[in-house]
Amino acid sequence: LFYFSVLGCVAAMAGGTAHSLAVKSDGTAWAWGANSSGQLGNGTTAFSMVPVDVTDLASGVAAVSLGRSHSCALTSGGAMKCWGDNNYGQLGDNSNDTRTTPVDVFDLASGVASIAAGYYQSCAVTVLGALKCMGYNVSGQLGDSTTTDRNLPTDVPGMASGIAAAALGTGHTCALGSAGRLKCWGANL
């Protein structure tokens, strides 16, 4: 109850392994919980039991999605930004450097319709319905017919249009087509 009284009117929420984010109705992003990889996005690695505002996301946040120890936000302008653990390139900034504040995902500064974060991977669905994924790929969860990790958004073959949404697990990915068809790939344990 305390978190919600501090935050006021919450428009969207997401939970990660040990951290949470909320988007207030004014478009600001707030985070709390574990922060060993900077996944709270406030420029520190200090655990926080109360919501802290995410640096450089003082307005215009439309949605958030969280992985194990990284976080991503979709802005109202259609940009994808991520922060936190980046060992496998899941932040999409062409590096493997941990980031304690949001960074722009390469080539996704506009035109993103929805985002999804998994354990160590992230994906974006563009306004044209294309699916792009980045990060850990040991089980082929990025869908690019390899098991090579990617630190840049990578096109998923056969999904250049017609994708409505994506959902990510620990080692697999699912995409929902605009015609209502569901396709999944990656670990099948």
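Visitor: Where is the place of aspartate 56?
Guide: This is a predicted model, in which local features need pLDDT of at least 70 and side-chain atom pairs count only at pLDDT 80 or more, while totals for chains, interfaces and linings use all residues. Residues are numbered from 1 along each chain as its sequence is written, and side-chain values use heavy atoms, leaving out hydrogens and water. Strands are DSSP runs of E, at least two residues, and helices are runs of H or I, at least four residues, numbered from the N terminus. By that numbering, aspartate 56 sits in the loop between S4 and strand S5 (61-66).

Visitor: What is the phi of aspartate 56?
Guide: Most residues other than glycine have a negative phi. Aspartate 56 is not a glycine, yet its phi is positive, at about 65 degrees.

Visitor: Is aspartate 56 buried or exposed?
Guide: Buried means under 20% relative accessible area, exposed over 50%, and partly exposed in between (1.4 Å probe, protein chains only). Aspartate 56 has 65% relative accessibility, so this residue counts as exposed.

Visitor: Where is the place of asparagine 94, and what is its relative accessibility?
Guide: Asparagine 94, a residue other than glycine, has a positive phi near 65 degrees. Its place is in the loop between S7 and strand S8 (99-104). Asparagine 94 counts as partly exposed because its relative accessibility is 46%.

Visitor: Which residues form a nonpolar patch on the surface?
Guide: Patches take residues with over 30% relative accessible area and no salt bridge, joining like charges within 9 Å and nonpolar side chains (Val, Leu, Ile, Met, Phe, Trp, Tyr) within 5 Å. A salt bridge here is a side-chain nitrogen of Lys or Arg within 4 Å of a carboxyl oxygen of Asp or Glu, and accessible areas come from the Shrake-Rupley method with a 1.4 Å probe, where for residues only the protein chains shown count as cover. One member, phenylalanine 47, lies in the loop between strand S3 (29-33) and strand S4 (48-53), and counts as exposed at 57% relative accessibility. Together about 340 Å² of accessible area belongs to the patch of Phe47, Met49 and Val50.

Visitor: How many disulfides does a search of the whole structure find?
Guide: A disulfide is counted when two cysteine sulfur atoms are within 2.5 Å. With the bonded cysteines numbered in sequence order, the pairing is 1-2, 3-4, 5-6. The search of the whole structure returns three.

Visitor: What is the torsion about the S-S bond of cysteine 72 and cysteine 82?
Guide: These two cysteines are joined with S to S at 2.2 Å. The pair links distant parts of the chain, ten residues apart, with cysteine 72 in strand S6 (residues 70-75) and cysteine 82 in strand S7 (residues 80-84). Cysteine 72 and cysteine 82 are both buried. The disulfide is right-handed because its torsion is about 105 degrees.

Visitor: In which strands do cysteine 123 and cysteine 133 lie?
Guide: Cysteine 123 and cysteine 133 are both buried, and their disulfide has S to S at 2.1 Å. The torsion about the S-S bond is about 110 degrees, so this disulfide is right-handed. The pair ties together parts that are ten residues apart in sequence, because the cysteines lie in strand S10 (residues 121-126) and strand S11 (residues 131-135).

Visitor: What is the relative accessible area of cysteine 184?
Guide: Cysteine 184 forms a disulfide with cysteine 174, the sulfur atoms being 2.1 Å apart. That pair joins strand S14 (residues 172-177), holding cysteine 174, to strand S15 (residues 182-186), holding cysteine 184. Cysteine 174 is buried at 15%. Cysteine 184 is partly exposed, because its relative accessible area is 46%.

Visitor: What is the average twist from one strand to the next in the sheet S13-S14-S15?
Guide: Strands pair if DSSP finds at least two bridges between them, and S14 and S15 have five, in the antiparallel sense. The open sheet of three strands has the order S13-S14-S15, with strand S13 (163-168) and S15 as edges that each pair on one side only. Axes are lines fitted to C-alpha atoms, for helices over the stretch in contact, with angles from 0 to 180 degrees between N-to-C directions. From one strand to the next, the twist averages 20 degrees.
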